[in-house]
Amino acid sequence: MRAQIPERPGSPFPIEVAGIVTKGFGRGSRELGFPTANIPPTDIPPQLDRVGVYFGYAMVRQEVFSMVMSLGYNPYYKNVEKSLEIYIVHEFKSDFYGESMRAIVCGWLRPELDYTTRDALIQDIRKDVTIALTALEQPAYAQFKEHPIFKR
Ligand code: ADP
Ligand code: RBF
Ligand code: MG
């Protein structure tokens, strides 16, 4: 069972994230069909002290898109280092490694889980995207698409 998304963001949200998109293990697009733009672990803001799956908005190449974010150790892959990775709900024509990305994290979706199959993980990511897009339609969340960090 998943927790309900609150009608409006509560503490500690919204949280700003910014960094240069760096290389990970390359599994996101190859194995899961969900490419994730990673930023260096040193750029993880201290307010994001809870590992798990979040949603919000991210900007690359001056455009703002809805996103889902995974923060933690990816228990299915047993990573040793903490990672912050963002799947942007948009079809890009090319990769954007080395480019800057900014994001506003608006809310929490669920804890990181381990899975018995890769398909089960993929199904859950699909569900994350659906729930995130629905939440981001609510005016209390949609307003963050216009957040000042996207205008700088
Ligand atoms: P890595 O492990 O290097 O992060 P991924 O398979 O997760 O590899 O692919 C991530 C890269 O794919 C991103 O850094 C970005 O350049 C590119 N990319 C293309 N489309 C997207 C998208 N919709 N969301 C996030 N990254 C994307
Ligand atoms: N990995 C996990 O091991 N467990 C998870 O619950 C999990 N949830 C994710 C949710 C989203 C929205 C995304 C984009 C990724 C998630 N991942 C999870 C991370 C996935 O394992 C990772 O993106 C790939 O290993 C590529 O780095
Ligand atoms: Mg990635």
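Reader: Which elements each supply at least two residues of the shell around ligand 1?
Author: Those elements are H1, E2 and E5. Helices (H or I, at least four residues) and strands (E, at least two) are DSSP runs, numbered from the N terminus. This is a predicted model, in which local features need pLDDT of at least 70 and side-chain atom pairs count only at pLDDT 80 or more, while totals for chains, interfaces and linings use all residues. Residues are numbered from 1 along each chain as its sequence is written, ligands are numbered from 1 in the order in which they are written, and side-chain values use heavy atoms, with hydrogens and water left out.

Reader: And which residues come nearest to ligand 1?
Author: Of the 19 residues around ligand 1, the nearest are Gly24, Gly26, Ser29, Phe96 and Tyr97. A residue is near a molecule if one of its heavy atoms lies within 4 Å of it.

Reader: What lies 2.6 Å from an oxygen atom of ligand 1?
Author: That is a backbone N or O atom of Gly26. A backbone N or O atom of Phe96 lies 2.7 Å from an oxygen atom of ligand 1, and a polar backbone atom of Ile88 is 2.8 Å from a nitrogen atom of this ligand. A polar contact here is a pair of N or O atoms within 3.5 Å.

Reader: Where does ligand 1 sit?
Author: Ligand 1 sits in the largest pocket, meaning that more than half of its atoms lie within 2 Å of the pocket's grid points. A pocket is an open set of points, on a 1 Å grid over the protein atoms alone, where a 1.4 Å probe fits, with protein on both sides within 12 Å along at least five of seven lines; lining residues have an atom within 4 Å of a point.

Reader: What volume does the largest pocket have?
Author: The volume is about 1,200 Å³, taken as the space filled by probe spheres set on the points, which are joined across faces, edges and corners. Of the 50 residues that line this pocket, Gly28, Pro35, Thr36, Asn38 and Glu85 are the closest to its centre. E5 gives the largest share of the lining, six residues.

Reader: Turning to ligand 2, which residues are the closest?
Author: Asn74, Tyr76, Glu85, Arg110 and Leu113 are the closest of the 20 residues that surround ligand 2. The space taken by ligand 2 is the largest pocket.

Reader: How far is an oxygen atom of ligand 2 from the side chain of Glu85?
Author: An oxygen atom of ligand 2 is 2.5 Å from an N or O atom in the Glu85 side chain. For the side chain of Arg110 the corresponding value is 2.8 Å.

Definitions and conventions. A polar contact is a pair of N or O atoms within 3.5 Å; within protein, one must be able to donate a hydrogen and the other to accept it, and residues adjacent in sequence count only if both atoms are side-chain atoms.
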